[in-house]
Amino acid sequence: MTSAAFDASTVGFVDDHEEGCRRLRADELEPLGVISDASNGTMLCRLGPAEQNLFAIYKPGSHERPLWDFPGQLYLREVAAYELSEFLGWGLVPPTVERDGPRGPGSLQLFVPHDPTEHYFTLIESDDGRFDVPLAQMAMFDMVVNNTDRKGGHVLRHARDDRIYGIDNGLTFHVEPKLRTVIWDLSHVPFAAAWADDLQRLRRCIRDGEPFAERLDELLTASEVRVLAARAGQVAGMEAMPDLDPDHRWYPWPPV
């Protein structure tokens, strides 16, 4: 099964992220099938009553393929990416929770209504540039979480209100620099001063051991949280996306 097996632009969505997470934790989950073009046994599930037309993406930890450079439980990184985006107030990741599903513990993410023919490379070509600012913010987010796999198809436009969401955030938060993203076309878009303030707030939160820092400790390793704080401070000092070093591999493969 693929996400194109039904009209992905017309499915339901819960606009309030807090309510979306509540639904993800509490509603009945009906597995519909494995998504054939995804990895790690990713499943499409119906969420709640059929008439509400809500769907979710379930990534069970038991189906994760071992990686030499990432420990297990990648699904916890999916949860950490969502909760970090919410802490910053950026709303860049769809509601995502940890849940014990039909194949064991994993992440459960609210499915975003979208046009499956769209992706980063089609959005960046918009004549009016209306997606430039949210995409620049996503690029900043990817630098902070050290996203190693931001493909073009991992950038979705909500079909009904043009919000931009980033999905597939499992390969993140590594302590070594591993940034690979397709979002490199926006060096002309300045990072907002408010975004830098948000990142400095994150850095102070971790430094001072505030409640969200304790939550990060539950999802990531201590060294990953420590390095996250350092990256937040570094990225907060950037004015825009940096120029590429041509000798470094910056793009994921495949790019879409």
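The points below concern a predicted model.

1. The largest nonpolar core has 69 residues, of which Leu 84, Phe 141, Leu 199 and Leu 202 touch the most other members. Helix α4 (residues 132–145) supplies the largest share of this core, nine residues. A second, separate core of seven residues includes Ala 8, Val 11, Leu 44 and Phe 55.

2. Beyond its neighbours within four places in sequence, Leu 199 contacts Leu 88, Trp 90, Met 140, Val 144, Ala 232, Val 235 and Ala 236.

3. There are 19 salt bridges in the structure. One of them pairs Glu 224 with Arg 77, with the closest N and O atoms 2.7 Å apart. Glu 224 lies in helix α7 and Arg 77 in helix α2 (residues 74–88), so this pair ties together parts 147 residues apart in sequence. Glu 224 is buried at 6% relative accessibility, and Arg 77 is buried at 3%.

4. Arg 130 and Asp 162 form a salt bridge at 3.1 Å, N to O. Arg 130 is in the loop between α3 (120–123) and α4, and Asp 162 in the loop between β6 (155–157) and β7 (164–166). Arg 130 is partly exposed, at 43%, as is Asp 162, at 29%. Salt bridges with shared partners join Glu 118, Asp 128, Arg 130, Arg 157 and Asp 162 into one network.

5. The second largest pocket has a volume of about 310 Å³. Its lining comprises 16 residues, and Met 143, Pro 177, Leu 179, Arg 231 and Gln 234 are the closest to the pocket centre. Helix α7 (residues 222–236) gives the most to this lining, four residues. By class, the lining has ten nonpolar, three polar and three charged residues.

Methods. Residues numbered from 1 in each chain as written. Predicted model: local features only at pLDDT ≥ 70, side-chain atom pairs only at ≥ 80, totals over all residues. Heavy atoms only, no water. 1 Å grid on protein atoms, 1.4 Å probe; cavity = no way out; pocket = protein on both sides within 12 Å on 5 of 7 lines; lining within 4 Å. Points joined across faces, edges and corners; volume = space filled by probe spheres on them. Helix = DSSP H or I, 4+ residues; strand = E, 2+ residues; numbered from the N terminus. Nonpolar A, V, L, I, M, F, W, Y, C, P; charged D, E, K, R; others polar. Core = buried A, V, L, I, M, F, W, Y, C linked by side-chain atoms within 4.5 Å. Buried < 20%, exposed > 50% of the residue type's maximum accessible area, 1.4 Å probe, protein only. Contact = heavy atoms within 4.5 Å. Salt bridge = Lys/Arg side-chain N within 4 Å of Asp/Glu carboxyl O.
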